[in-house]
Amino acid sequence: MAKARSDDPLYGRIVYWWRVLRDTTAFRVSRGIARRVTGRPLVIAIPYLWLIFFFVIPFIIVLKISFAESRIAMPPYSPLWEWVTTSTMQIKLTMSNFGFLFEDALYKNAYLSSVRIAFISTLLCLLIGYPMAYGMARSKPSTRNILLLLIVLPFWTSFLLRVYAWIGLLKNNGVINNILLSLGVIKEPIVMMQTDFAVYLGIVYSYLPFMILPLYSTLEKMDMTLLEAAADLGCRPIKAFLKITLPLSIPGIIAGCMLVFIPAVGEYVIPALLGGPDTLMIGRVLWDEFFANRDWPVASAVAIAMLLLLVIPIMLFQYFQGREMRAHR
Amino acid sequence: MIGKRSVFILTALVLGFAFLYIPIISMVVFSFNYSKLVTVWDAYNSPTLKWYFSMFSNEQLLDSAKLSIEIAAMNATGAVVLGTVAGLVLARFGHFRGRTLLAGMTSAPLVMPEVITGLSLLLLFVTMESLFGWPAGRGMTTITIAHMTFSMAYVTVIVQSRLATFDESLEEAAMDLGAHPTKVFFVITLPIILPAILSGWLLSFTLSWDDLVISSFVSGPGATTLPMLIFSKVKLGVNPEINALATVLVAIVSVGVIFAALWMRRQERIRDRDVQMAIAANQ
Amino acid sequence: MSANPRQAQGRGAPWNDPKAQPYVVIDRVTKKFGDFVAVNNVSLKIYQGEIFCLLGGSGCGKTTLLRMLAGFEMTSSGSMSIDGQDMSGIPPYNRPVNMMFQSYALFPHMTVEDNIAFGLRQEGRSKADVRKRVDDMLAIVKMAQFARRKPHQLSGGQRQRVALARSLVKRPKLLLLDEPLGALDRKLREHTQFELVNIQEQLGVTFVVVTHDQEEAMTLASRIGVMNHGEIVQVGTPSEIYEFPNSRFVADFIGSVNMFEGRLIEDRPDHVRIASDDLGGTIFVDHGISAAPGITVWAAIRPEKIRIARERPSQPDNVVPGVIKEIAYMGDMSIYLVQLGTGRIVRVTQPNVDRDSESQYTWDERVFLHWHAESPVIVTQ
């Protein structure tokens with residue numbers, strides 16, 4: 001094949017130029033660099049650059065825009081710096097968006113009520129999820145797998161549709177009211193839709209699997225002989241639970257609570273579908289600022305403030321996540 | 001042993017699972033209801049498949065479902081590549097400068113409220129467009145990129161924990177026998193973590209398929225994903241076509257998950273039997 | 001202690017031959033992990049055809065040294081060469097060295113034959129060649145009928161043989177074995193030890209074995225390097241290490257030993273005498289040592305080298321009275337714990353030559369312990 005080609009004048013020319021190129025200093029240097037940059041840093045760079053570009057930089061932009069002024073334009077915010085003349089740059093930073101958050105009671109109330117709703121929902125998830133996870137971890141291995149499957153199954157079906165399902169159950173002529181009315185328990189339908197109650201229900205329902213799974217995995221790993229040893233040493237079951245099972249499941253409790261609390265604070269879909277107009281949640285405020293009022297700077301300021309609120313829980317979560325990963329090794 | 005305690009646990013399990021499944025079951029049941037009022041059972045004309053027919057002839061719905069599937073598949077494929085590399089780096093590359101930052105960046109999207117992720121990515125895309133002219137407008141591409149960024153975090157966790165459960169000496173052995181690290185990855189590591197990669201792909205697909213908030217932020221005119229369409233419909237109240245759609249989805253997912261579970265259990269049994277035989281043969 | 005098949009064959013000892021060329025040279029190698037020194041200034045010469053055992057407790061640096069030979073860890077300082085070729089900067093996949101991992105590290109998704117063929121395929125050999133060499137290797141390790149099985153379908157002993165075959169099939173210049181018998185049960189170990197030595201003789205590959213099990217080291221090794229805290233403390237044949245330990249650590253680590261602290265009171269070229277408060281008497285040794293009189297020394301006496309007698313033996317030295325406190329019957333032998341007048345407990349083992357229980361000693365019996373003048377080993381550190 002190569003022989004046939006060597007008669008071809010074009011082939012000869014390519015070979016000639018390749019040799020010339022190969023002998024240039026620039027080529028040698030760049031090949032040397034290419035050799036030294038072996039796979040390792042290159043492989044590390046792939047996820048690194050992606051996350052820097054699509055995860056870190058966006059936050060910096062949000063931070064930047066939270067200091068800008070709103071404008072009716074596209075994009076609807078003022079630039080932070082402008083060239084007034086060719087040699088002077090004007091930097092305009094405004095704290096007014098953050099000031100706005102403090103002045104207007106709407107934002108303060110939204111933050112407080114988001115934290116309250118998320119906190120109470122997390123607590124409810126824990127109270128419902130712990131006995132379930134405990135029961136699953138203590139059942140026979142074959143039953144255990146089926147129960148685990150039943151926990152995971154709703155997770156694979158649409159979150160949005162599962163929230164939607166509650167509308168059919170809760171509304172005034174919905175399933176629950178219809179059943180209660182037909183049984184004669186109530187005369188008038190109970191108003192459940194568009195209340196805080198519906199929001200709590202929706203959050204607990206949607207996030208329950210996130211609580212159960214980490215709890216289950218810590219409880220399942222637990223050595224049962226510890227409880228036998230405790231019983232052998234004269235510890236009663238309730239006390240053994242409080243002194244042994246509960247302390248050992250703390251990593252699972254923390255992971256589960258963080259997995260519920262953090263996303264619940266910023267939840268949008270559930271208050272939008274199940275909550276009433278007076279159900280204030282910060283995710284919903286941000287959404288409305290952005291989509292309805294088109295005030296990007298204020299939306300950014302809301303996001304930054306929400307992030308500051310969540311920094312501690314997120315870091316707590318990462319710490320335990322890292323510990324879990326290390327324990328695996 | 002049925003004590004007070006196990007009665008309590010049993011009750012918790014039964015009530016808990018009822019809580020998880022009653023809404024889904026009611027949604028399925030009422031999808032066969034003839035009445036447009038959905039929750040008022042029309043005993044005379046029901047059950048009916050009317051809403052299924054009307055759903056499958058709804059062009060808008062089918063279009064957005066198609067768009068969602070495309071985005072979900074692209075997202076899952078991209079997220080698996082990125083997440084596998086990130087998981088490999090975190091589990092196998094030992095210490096390097098900036099490892100903590102990478103670990104933090106891969107686990108933060110797991111809990112980040114969606115409204116924040118959505119807003120920040122939209123602002124990035126707008127800024128990029130004004131700086132480089134790309135991406136021109138928003139739609140499928142921007143939604144896919146946004147989904148990949150949070151899906152890869154899930155894949156990373158899955159791959160990383162799978163790598164943690166198998167011995168690094170397998171890869172060392174392959175290298176010791178003369179395979180270059182790149183080859184070791186493709187011949188040894190990849191086949192072993194394949195189940196994790198597969199479940200990562202499926203999870204990423206579902207996450208993307210299910211996402212409303214982030215898509216709403218980074219989408220543009222003309223790119224309406226299925227969750228966006230569903231949301232705009234259900235905001236107005238219950239809708240029998242949505243019930244039918246939900247039933248179809250639940251059916252597909254249940255069948256898929258149950259088959260996967262059965263298959264995995266079968267593999268496990270075969271494996272257990274092999275191990276037993278190996279032990280028996282030795283004695 | 002089982003017999004050493006290598007010594008039984010009475011092979012030459014290249015390490016005593018000044019003209020012999022060492023095959024593996026480890027020259028002042030140090031390995032640090034941060035501030036922790038895992039291997040400290042180790043120098044070793046290993047000769048072709050040897051089975052060299054690195055013996056030590058966990059964390060003594062033996063595995064790190066092995067991994068540096070394989071190329072998985074880089075040396076912090078010092079150099080290593082194999083067959084005259086410097087190994088620094090050569091990655092594991094280009095070294096003429098193979099390793100058998102403690103966990104065996106069999107690829108779970110490949111059959112036995114694919115596992116064994118893996119290394120050969122990396123060299124780009126022809127299919128027929130790979131086939132032939134894999135078959136030969138399967139025959140050597142007696143695994144031919146299991147060629148199509150996957151690792152999880154094998155027992156522990158079979159896996160061990162596959163791992164051995166896989167690491168030997170490339171005919172490496174040096175085979176590294178990390179606790180090769182650690183995962184096997186006791187019965188299988190003994191059998192496998194001899195098999196391993198046979199295969200090594202058959203193929204003539206040089207072995208470096210890492211183990212924490214002294215019995216394993218004794219049976220396998222042509223020479224043993226005892227490691228402690230990242231340093232080599234003694235190198236020698238198994239019998240040298242056992243009979244002539246150079247320190248309290250080695251004496252204590254290999255087998256069990258009774259250690260008596262004492263002072264050197266008489267130091268002649270042909271004998272020494274030691275006064276020991278521990279023993280409550282003097283110890284006479286029939287060879288000289290080179291140490292200043294009056295310094296603290298330790299006399300190490302192995303339990304099986306001490307005899308028990310009911311009557312006081314007629315020798316002037318190396319006799320001490322005591323009371324039997326504990327007896328443990330082990331079948332082939334019995335262990336006696338004898339308390340001396342000083343309160344010190346001495347461990348003595350006696351083979352159970354007779355079945356007759358009349359001749360056995362009983363609890364609280366007053367006895368005399370005595371030993372030959374050649375039995376104690378004197379160590380100064």
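Two strands are taken to pair if DSSP finds at least two bridges between them. In this predicted model, strand β1 (residues 24-33) of chain C and strand β2 (residues 36-46) of chain C are joined by seven bridges and pair in the antiparallel sense. Within this pairing, C:I26 has C:L44 of β2(C) opposite to it. The two strands form a hairpin that leaves two residues between them, and in the turn C:G34 adopts a positive phi of about 65°.

C:N41, for its part, is found in strand β2 of chain C and has a positive phi of about 50°, although C:N41 is not a glycine. With 14 C-beta neighbours inside 10 Å, C:N41 is classed as partly exposed.

## A five-strand sheet in chain C

Chain C also contains an open sheet of five strands, arranged in the order β15-β19-β16-β17-β18 with antiparallel pairing. Because β15 (307-309) and β18 (345-351) of chain C stand at the edges and have a single partner strand each, one side of each is left without a neighbour in the sheet. From one strand to the next, the twist averages 45°.

Inside this sheet, strand β16 (residues 319-329) of chain C pairs with strand β17 (residues 333-340) of chain C in the antiparallel sense, over seven bridges. One of the residue pairs involved is formed by C:Y329 and C:S334, the latter being the bridge partner in β17(C).

C:G71 is placed in the loop between α2 (62-70) and β4 (77-82) of chain C. Leaving aside residues up to four places away in sequence, C:G71 touches C:I90, C:P91, C:P92 and C:R95. For C:P91, the separation from C:G71 is 20 residues in sequence, while the C-alpha to C-alpha distance is 5.7 Å.

## Chain B and chain A as folds

The secondary structure of chain B consists of 11 helices and zero strands. Its radius of gyration is 24 Å, whereas a compact globule of 283 residues would have a value near 19 Å. Taken along the principal axes, the C-alpha atoms of chain B fill a box of roughly 75 × 70 × 40 Å. Of the 283 residues in chain B, 46% are buried, and among the contacts in chain B with a separation of 6 or more, 75% are between residues 24 or more positions apart.

Chain A has 16 helices and two strands. Buried residues account for 38% of its 329 residues, and residues 24 or more positions apart make up 69% of the contacts in chain A with a separation of 6 or more.

## How the chains meet

Of the two pairs of chains that touch, chains A and B have the most contacts between them. This contact involves 70 residues of chain B and 74 residues of chain A. On the side of chain B that touches chain A, several helices supply at least two residues each, among them α3 (59-92), α8 (181-210) and α11 (240-282) of chain B, while α1(B) gives the most, with 15 residues. By class, this side of chain B is made up of 51 nonpolar, 16 polar and three charged residues.

The contact between chain C and chain B takes 22 residues from chain C and 23 residues from chain B. On the side of chain C that touches chain B, β6 (97-100) and α3 (112-122) of chain C each supply at least two residues, and the largest share, three residues, comes from α3(C). This side of chain C has 11 nonpolar, nine polar and two charged residues. Chain A and chain C, by contrast, are joined by no contact, and their closest C-alpha atoms lie 13 Å apart.

Notes. Residues numbered from 1 in each chain as written. Chains lettered and ligands numbered in written order. Predicted model: local features only at pLDDT ≥ 70, side-chain atom pairs only at ≥ 80, totals over all residues. Contact = placed C-beta atoms within 7 Å. Helix = DSSP H or I, 4+ residues; strand = E, 2+ residues; numbered from the N terminus. Nonpolar A, V, L, I, M, F, W, Y, C, P; charged D, E, K, R; others polar. Rg over C-alpha atoms; globule rule 2.2 N^0.38 Å. Buried ≥ 20, exposed ≤ 12 C-beta atoms within 10 Å, placed from the backbone. Axes fitted to C-alpha atoms, helices over the stretch in contact; angles between N-to-C directions.
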